[in-house]
Amino acid sequence: MRLAVDLHSHSGYAGGVGNIKLEDVIQTMKRKGIDVFGAGDVLFPKRTEELREVLTESSEGLFSLNSSKEQFALQTEIILSVRLEGYKRKIMAHHVVLFPDFESIKKMQKLMTKWGQKNTIGRPFIVSDDLAQQTERLFEIKNIHPLVEVIPAHVMTPEGILGSKNMLESINEFYGEFTDEIQVVETGLSADPYMLEQIEELADMTMISNSDCHSAALNRIGREFTMLDVQDRSYKGIVEALRTNKVEFTAEFNPAEGRYYNTGHRADRQGHEEAYISDNPKETVCPICNKPFLPGVERRVKQLSSGYKAKHTREFHHLLPLIEAIALAIGVKSITSKRVVERFNTVLDEFDTEIAFWLASKEEILKKLDGKLEGEILMRLLKVHDGKFSFQPPGFDGNYGVLSL
């Protein structure tokens, strides 16, 4: 059975965003074609109670709102922080944690209380004094339930386990004896499987892609997703598929769109009147402001690959959110423009979901949409469908790449 899953999101409790209504999330899931979505921030007590009140378990470990066929998995992001020998600053890395039931969430909350950790934000910190303490705590989390899964999030971005803020040489430095329990990694918006397969210790792991979204908008939910081959539609089915690498394909940002792909400094930094992107891997200091660069994801991958001969066997697709592709094709900036929304609905009248559109053949798209979309718009969508788009300049220093057909 195929399931399209997006297992990393945030609620309004994560900060920086307003309230995100589950009803709006469901509507976007329907239009995108996402079957199972990470509920987000489930450890935060107010969020836990909110979800308990409105969600109903509709299949083992998966939950529905108002009997919808779209389902939620219980998920949070946590930040693990630890002092490691040989590093001046604390090492911090973001992780997605999946839970099979509310009882497991309650046990995790009790562990945090026992450890003296605060649980006052949607994305909580778990701070350990040293590697031994962190390893012990990770095993305690894993022992809550056999189906609890800990997944390094956006592994190559600055806040990821192998990102430029940490500059680790290996994930073993961070996980110690827990390393063998890490079976799944999240590619993140600035990397894809082709890049991660170049790093030997990641090459054989399951690689998944998620939106990590803070919104129910059409260009956020499902902007990255994973197509799984599951035995049955249940939480256990999903986790077992992740652990045994039953990934049919992932839908990815083109890494050059991601905000941390290239190494450089954006124009609005202090001392900058213009942006600077470094193409020289030996260049570590910005020639404009004389401050150090944080290496971009592309550079970090090269630093960690060490000549490893990658197999490059995984299937993945570089996609754009359809609503953004239509806006670009029309030549408007707003994805909520009436003209954009009307054409988005025209596509979905023929293909039911956005995912179905992207997976259709070029011939099928022409057959169904010729005469229903303006010819120039249709041709531009077919360019995106065929991967004929790029980002100039690519993303860097917190700025998304600028899309170009």
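**Note on salt bridges and pockets**

1. In this predicted model, Lys165 forms a salt bridge with Glu159, and the closest N and O atoms of the pair are 3.2 Å apart. Lys165 is partly exposed at a relative accessible area of 33%, and Glu159 is likewise classed as partly exposed, at 23%.

2. A second pair to look at is Arg266 and Asp397, whose side chains meet in a salt bridge at 3.3 Å from N to O. This pair links distant parts of the chain, 131 residues apart, with Arg266 in the loop between strand S13 (263-265) and strand S14 (276-278) and Asp397 in the loop between strand S16 (390-391) and strand S17 (403-404). Asp397 counts as buried because its relative accessibility, 15%, is under 20%, whereas Arg266, at 26%, counts as partly exposed. Both residues belong to a network of salt bridges that also links Asp268 and Arg269.

3. Within helix H13 (residues 375-385), Glu376 and Arg380 lie four residues apart, about one turn of the helix, and their side chains meet in a salt bridge at 3.1 Å, N to O. Glu376 is partly exposed at 49%, as is Arg380 at 31%. Over the whole structure, the search finds 24 salt bridges.

4. The largest pocket holds about 430 Å³ of space and is lined by 22 residues, with Leu189, Asp212, Arg223, Arg259 and Tyr400 nearest its centre. Its lining divides into four nonpolar, ten polar and eight charged residues.

5. The second largest pocket has a volume of about 360 Å³, and among its 15 lining residues Glu257, Glu324, Tyr400, Gly401 and Leu403 are the closest to its centre. Helix H9 (residues 322-330) gives the most to this lining, with three residues, and by class the lining has ten nonpolar, one polar and four charged residues.

Note on methods
Residues numbered from 1 in each chain as written. Predicted model: local features only at pLDDT ≥ 70, side-chain atom pairs only at ≥ 80, totals over all residues. Heavy atoms only, no water. 1 Å grid on protein atoms, 1.4 Å probe; cavity = no way out; pocket = protein on both sides within 12 Å on 5 of 7 lines; lining within 4 Å. Points joined across faces, edges and corners; volume = space filled by probe spheres on them. Nonpolar A, V, L, I, M, F, W, Y, C, P; charged D, E, K, R; others polar. Helix = DSSP H or I, 4+ residues; strand = E, 2+ residues; numbered from the N terminus. Salt bridge = Lys/Arg side-chain N within 4 Å of Asp/Glu carboxyl O. Buried < 20%, exposed > 50% of the residue type's maximum accessible area, 1.4 Å probe, protein only.
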